[in-house]
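Take a walk through the model shown here.

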Amino acid sequence: MDFTIKSLSFLAMVFMVSGCDKPETTMESSQLNLSFSGRYGTVPFQTLQPFPIGTVKSIKISKLDFYLTGFTLLSPTGNIELTDAALVDITGNSDQDRTVILKGLKRGDYSGIRFQVGVKPDLNKKLPKDFKSNHPLSSTSHYWEAWNSYIFSKIEGVLDPKGDKVYDLGFAVHTGTDVCLESVQIDKSFTLTDHQTFSLNLDLDVEKIFLQGGQYFDLESSPLNHNPSNIPTLKLFATSLAGAIQLKN
Amino acid sequence: MGQWRSLAIGCLTALILFIAGCDFDPSEPIEGDLLHIPYQPESVTLTAPETYPELEIPGDNPLTQEGIKLGRKLFFDPIVSRDSSLSCSSCHQPDKSFTDGLATSPGVDKINGRRSAMSLLDIGFQNRGLFWDGRSPSLEIQAFLPVEDPVEMHFQWPGVVERLKRHRDYPMEFRKAFGIPDVDSITKFLAVKAIAQFERTLISSGKSKYDLAITPGSGVFFSESELRGFEMFFDRSGGRLPDAECFHCHNAPLMSSLDFFNNGIQSVRAGQVFDDNGLGDVTGNQAQNGMFKAPSLRNIVMTAPYMHDGRFSSLEQVIDHYDSGGFPSDNKNPFIRKLGLTPQQKSDLLAFLHTLTDSSFTNNASFRSPF
């Protein structure tokens with residue numbers, strides 16, 4: 001009897017020790033990066049560089065950022081919805097500002113990814129104070145109480161209306177409210193493997209944001225667009241912003 | 001004879017003990033010399049107005065009664081300056097909402113810095129960089145800098161630490177706050193942790209007229225002028241009044257977006273360079289030249305003069321500046337534009353700014369000097 005107990009104890013200890021040695025593998029250890037880069041038509045985008053907007057006028061952009069939420073990994077065996085939110089800052093100081101990092105993903109083969117440009121309604125009901133300071137949605141400068149909404153995107157800069165290189169008209173487009181939420185789908189097959197990072201390079205054509213129905217938006221007539229009374233205009237910008245995002249060749 | 005012999009032996013013994021005593025150096029560290037003092041820190045949970053975000057406390061610097069007490073003492077003690085003439089509170093005075101009423105402040109060598117002392121009200125919520133140019137990521141790191149800045153305390157941390165070690169009370173207080181075993185364990189890292197703990201307690205009371213007026217059932221209401229100012233400030237008049245565009249940078253509840261802006265107070269020189277480049281000098285991104293932290297407007301009436309260089313002595317001048325649209329430059333915030341406010345509308349904005357006064361904060365005895 002005593003021998004049996006001792007033997008069982010020994011075996012239990014062996015199992016415990018061998019269990020400790022076993023490397024931990026989980027099904028959710030992969031990472032997907034969405035790396036954005038900007039261009040203006042065929043030219044690489046740079047903050048405060050002049051870009052033509054029509055035949056005479058030109059603009060310099062000082063701020064261009066937007067929220068992405070509602071990430072969904074697309075798979076023939078079942079889509080996977082993620083809870084992440086990200087603020088992509090095309091005018092930020094580093095590549096990190098232009099990269100969305102999605103961690104803890106399930107390994108497997110995927111046919112693409114879908115996300116929403118803006119803050120999806122369940123998150124848009126919340127306030128910046130509901131999030132820790134390192135969370136993208138904690139930014140009070142991206143929330144407008146008058147809308148009861150996050151500011152989904154900010155595009156700010158100066159316009160040279162006369163083509164005389166005098167940039168004397170500031171402009172701003174701030175989109176927001178559930179109406180301005182837009183969906184983007186990137187169809188690109190990729191495989192996520194354990195402890196590995198896969199990167200999708202995405203392209204934002206900034207010029208397309210200002211092109212609506214083949215015409216450049218008239219910033220001179222309407223330089224400041226951030227008011228609830230401007231929702232139809234803001235919706236146009238939200239749609240064109242989403243349409244400006246595509247897989248980089 | 002025997003008596004003389006005993007006396008001689010006694011004297012000799014006393015002499016040996018005296019000489020041995022002379023060899024003893026009390027400044028020599030003795031391992032574990034503080035262990036007899038109990039280390040029983042009492043954790044503290046701070047309360048903030050309901051509308052505020054959660055105050056995040058670093059995991060390696062939890063708030064304790066003892067840490068806050070030590071930090072408060074260090075904050076008000078000129079021991080941190082080279083000639084013991086300046087403390088943190090010299091530039092951050094409680095009755096001025098932790099500013100000093102000066103455009104720029106003189107250091108121990110009577111040389112003025114180039115920027116105005118910022119208010120420390122709600123400083124714990126500033127999570128996007130401290131100072132006007134955002135160069136410090138945390139209160140702990142921020143507290144290192146003024147001590148060694150030539151235009152501030154102009155001292156060295158080893159000198160401060162040496163003074164703290166030799167002080168009558170500080171070793172015991174460091175022991176109580178951080179559980180150090182001996183005097184020699186006092187470090188600059190612990191000193192800045194304590195100062196940061198105290199600074200995190202500097203939270204608005206939530207009892208300003210503004211706070212009460214926007215709280216249903218408080219029984220406090222804006223005057224007509226204050227209400228018009230409120231509506232212009234937050235663009236809430238539905239088009240009846242001009243949008244003064246203030247809220248873009250000075251969001252509720254902190255009355256600061258915590259972000260950085262070029263608000264058009266500096267004229268640009270060639271190549272997007274300003275007299276003071278602010279954030280741009282920190283990040284190296286020229287597109288951020290001329291951008292500065294949007295400070296909280298809570299207690300703004302108490303914190304004159306205004307702007308990063310204290311160029312405006314009154315709020316009237318500040319409102320006039322924003323009404324003018326400021327100097328043009330490529331990265332000037334687009335909401336800084338000619339507003340065309342009437343004298344009455346300017347007066348209404350001023351009336352609203354007065355409702356942000358929080359005298360419960362400045363009168364809080366816990367924020368005053370312990371000396």
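Predicted model: local features only at pLDDT ≥ 70, side-chain atom pairs only at ≥ 80, totals over all residues.

Start with chain A. Its secondary structure comprises 4 helices and 17 strands. The chain has 249 residues, and 35% of them count as buried. Now look at its contacts between residues at least 6 apart in sequence. Of these, 75% join residues at least 24 apart.

Next comes the contact between the two chains. Chain B gives 26 residues to it, and chain A gives 25. On the side of chain B, the classes are 10 nonpolar, 8 polar and 8 charged residues.

Turn to chain B itself. It is divided into domain 1, residues 65-204, and domain 2, residues 209-362. Taken over C-alpha atoms, the centres of these two domains of chain B are 28 Å apart. The domains also touch: 25 residues from domain 1 of chain B and 25 residues from domain 2 of chain B make up the contact. The domain 1 side of that contact in chain B holds 7 nonpolar, 10 polar and 8 charged residues.

Now zoom in on a helix pair. Two packed helices are described by the angle between their axes and the distance between the axes. In chain B, helix α2 covers residues 65-76 and helix α6 covers residues 170-178. Their axes come within 7 Å and cross at roughly 145°. The crossing of α2(B) past α6(B) is left-handed.

Which residues meet there? From α2(B) come B:Glu66, B:Gly67 and B:Leu70. From α6(B) come B:Glu173, B:Phe174, B:Lys176 and B:Ala177. By class, this contact of α2(B) with α6(B) has 3 nonpolar, 1 polar and 3 charged residues.

The last stop is B:Trp157. This residue is found in helix α5 of chain B, which covers residues 157-166. Is B:Trp157 buried or partly exposed? Count the C-beta neighbours inside 10 Å: there are 16. A buried residue needs 20 or more, and an exposed one has 12 or fewer. B:Trp157 therefore counts as partly exposed, with its 16 neighbours.

What does B:Trp157 contact, leaving aside its neighbours within four places in sequence? The partners are B:Val147, B:Glu148 and B:Lys188. One more distance places this tryptophan in the chain. B:Trp157 and B:Ser366 are 209 residues apart along the chain, and 27 Å separate their C-alpha atoms.

How values were computed: Residues numbered from 1 in each chain as written. Chains lettered and ligands numbered in written order. Domains from an automatic or database assignment. Contact = placed C-beta atoms within 7 Å. Nonpolar A, V, L, I, M, F, W, Y, C, P; charged D, E, K, R; others polar. Axes fitted to C-alpha atoms, helices over the stretch in contact; angles between N-to-C directions. Helix = DSSP H or I, 4+ residues; strand = E, 2+ residues; numbered from the N terminus. Left-handed = near helix turned anticlockwise from the far one by under 90°.
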